[in-house]
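User: I'm new to reading protein models, so let's go through this one bit by bit.

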Amino acid sequence: MGIAKIIAIDGPAASGKSTLGHKLAQALGYLYFDTGVMYRAITWLALKQGLAIGDEAAITKLAKTTPIDVRPPSVKDGRAYDVVVDGQDITWEIRSPEVDRNVSPVSAYAGVRKALTSQQRRIGMRGEVVMVGRDIGTVVLPNADLKIYLDASAEERARRRYKEQLQRGETAEYDEILRVVRERDQIDSSRKVAPLRRAVDAHIICSDGLDAEQVLELAKELVFGK
């Protein structure tokens, strides 16, 4: 079969899938594609056009009619990819606090998810891509060459977030972070649209007690079929 050209990585929030996806793509020379950027792009565009975020019909129409492309980075400014809408590079615009505050409801709209899933699939089928999300192996790329489900216990994920917040100089309470992680798991796994679930043919990597480099080595073994 050779080296996997289309790689799907799914997993719960804070499992480290974005870190793994970015590192694996760099190691292989592939495009790293965090599918969340597409929902951010639509959110940014909706805000720019003055649409109400609560107007599901208008936001869905926007997602259906707006071509979004994700490409390898064209500028060395810390970005992992370019996000392009109608020829405009909006890679950094979609990271604004206003987008942060509004992207969650946009990503929950069934029509938006359906429209963006087809765009994600189009990019994925080009090959040489590591795509990261919640429903990549089950919905977006069910025929991916390699599917990885990166898991970690709620306690492990809460510890990581706790350490990250302390390192940024923020105040952090482990018990509260653990509560939020468990709540997010419940929401993600029980939602009607694109619930978090493992593809039956996915390889599970549990990252409990492992650092990012150790997880990367396990993933590379799967890619190269060792």
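User: Where is A14 found?

Analyst: A heads-up: this is a predicted model, where local features need pLDDT of at least 70, side-chain atom pairs count only at pLDDT 80 or more, and totals for chains, interfaces and linings use all residues. Residues are numbered from 1 along each chain as its sequence is written, and side-chain values use heavy atoms, with hydrogens and water left out. Helices (H or I, at least four residues) and strands (E, at least two) are DSSP runs, numbered from the N terminus. With those labels, A14 is found in the loop between strand 1 and helix 1.

User: And what is phi of A14?

Analyst: A14 isn't a glycine, yet its phi is positive. The value for A14 is near 70 degrees.

User: In what order do the strands of the five-stranded sheet come?

Analyst: Strands of a sheet pair through backbone hydrogen bonds, either parallel or antiparallel. Two strands count as paired if DSSP finds at least two bridges between them. The five-stranded sheet here is open with parallel pairing, and its order is 2-6-1-7-8.

User: Which strands stand at the edges of that sheet, and why is one side of each left without a neighbour?

Analyst: In the order 2-6-1-7-8, an edge strand has a single partner strand, so one side of it has no neighbour in the sheet. The edge strands are strand 2 (31-34) and strand 8 (203-206).

User: What does the twist average from one strand to the next?

Analyst: This is about the open sheet with the order 2-6-1-7-8. From one strand to the next, its twist averages 20 degrees.

User: What is the bridge partner of I9 in strand 7?

Analyst: Strand 1 (residues 6-10) runs parallel to strand 7 (residues 146-151), and four bridges join them. One of the pairs puts D10 with Y149. For I9, the partner in strand 7 is I148.

User: Which residue of strand 8 is the bridge partner of I148?

Analyst: Strand 7 also runs parallel to strand 8, joined by four bridges. Strand 7 is mostly covered too, with five of its six residues buried (under 20% relative accessible area; exposed is over 50%, partly exposed in between, using a 1.4 Å probe and protein chains only). On the strand 8 side, the partner of I148 is H203.

User: Now the three-stranded sheet: which strands stand at its edges?

Analyst: This open sheet has the order 3-4-5 with antiparallel pairing.

User: Which residue in strand 5 does V84 stand opposite?

Analyst: Strand 4 (residues 82-85) pairs with strand 5 over two bridges, in the antiparallel sense. V84's opposite residue in strand 5 is D89.

User: Is D86 buried or exposed?

Analyst: D86 lies in the loop between strand 4 and strand 5. Its phi is near 50 degrees, positive although the residue isn't glycine. With a relative accessibility of 63%, D86 counts as exposed.

User: How far apart are the C-alpha atoms of A41 and V85?

Analyst: A41 is found in helix 2 (residues 36-48), and it is buried at 2% relative accessible area. Beyond its neighbours within four places in sequence, A41 is in contact (heavy atoms within 4.5 Å) with I68, V83, V85, I90 and I94. A41 and V85 are 44 residues apart along the chain, but their C-alpha atoms are separated by 7.7 Å.

User: At roughly what angle do helix 1 and helix 9 cross?

Analyst: Two packed helices are described by the angle between their axes and the distance between the axes. Axes are lines fitted to C-alpha atoms, for helices over the stretch in contact, and angles run from 0 to 180 degrees between N-to-C directions. The axes of helix 1 (residues 17-28) and helix 9 (residues 212-223) come within 10 Å, and they cross at roughly 55 degrees.

User: What does that make helix 1 relative to helix 9?

Analyst: Angles under 35 degrees count as roughly parallel, over 145 as roughly antiparallel, 65 to 115 as roughly perpendicular and the rest as oblique. The crossing is at roughly 55 degrees, which makes helix 1, relative to helix 9, oblique.
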